[in-house]
Amino acid sequence: MNQKEFYEFQSEMKNNASLYRSLASYYGLSESAFWILYVLRSNFALLTQRDLCDYLKQPKQSINTGLKKLMDMNYIELSFADDKRIKYIVFTEEGKEFAEKTIDKVIEAERKALTGLSEDEKEILFSVFHKYTDLLEERFSLI
């Protein structure tokens with residue numbers, strides 16, 4: 001890969017990340033809080049803090065900060081399972097309404113953007129991005 005191709009690739013990756021950062025800011029959320037709401041809206045199972053850490057590949061402290069912010073905003077609350085050591089993260093009514101007006105629009109926009117790709121393009125995109133991530137993980141392990 002030559003320098004120009006590398007720069008173009010990096011620029012697109014940063015542009016993509018910037019789109020989500022801008023949305024989080026537009027909605028008055030930190031990136032962590034945005035992604036927590038995103039995962040909660042796009043997942044139909046009850047989730048714990050550990051589940052969010054695993055899914056978002058973020059440290060517990062980052063997720064905890066986002067959760068506290070969302071609880072302060074009255075968007076989420078913790079609900080105890082039968083096992084009192086397990087706390088699930090659930091939307092408050094206010095949080096559900098907020099997510100419907102914000103996060104749901106983001107998810108729908110992503111779905112519509114994907115429909116602009118042919119089935120072959122989607123298959124290539126997912127395959128190549130997965131392969132790139134695996135190769136990057138392999139290279140980073142050698143650092």
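This is a predicted model: local features need pLDDT of at least 70, side-chain atom pairs count only at pLDDT 80 or more; totals for chains, interfaces and linings use all residues.
Residues are numbered from 1 along each chain as its sequence is written. Local features need pLDDT of at least 70 and side-chain atom pairs count only at pLDDT 80 or more, while totals for chains, interfaces and linings use all residues, and side-chain values use heavy atoms, with hydrogens and water left out.

Helices (H or I, at least four residues) and strands (E, at least two) are DSSP runs, numbered from the N terminus. In helix α3 (residues 49-56), Gln-49, Leu-52, Cys-53 and Leu-56 are buried, that is, under 20% relative accessible area with a 1.4 Å probe and protein chains only. These residues lie on the same side of α3 because they cover an arc of only 100° around the axis, taken from the directions from the helix axis to the C-beta atoms. Their cover includes α2 (31-42), α4 (60-72) and β2 (87-91). After α3 comes Lys-57, with a positive phi near 55°.

The table lists two pairs of helices, with axes fitted as lines to C-alpha atoms over the stretch in contact and angles running from 0 to 180 degrees between N-to-C directions.

| Pair | Axes come within | Crossing angle |
|---|---|---|
| α5 (residues 93-101) and α6 (residues 103-115) | 3 Å | roughly 30° |
| α2 and α6 | 9 Å | roughly 70° |

Key:
Buried means under 20% relative accessible area, exposed over 50%, partly exposed in between (1.4 Å probe, protein chains only). Contact means heavy atoms within 4.5 Å.
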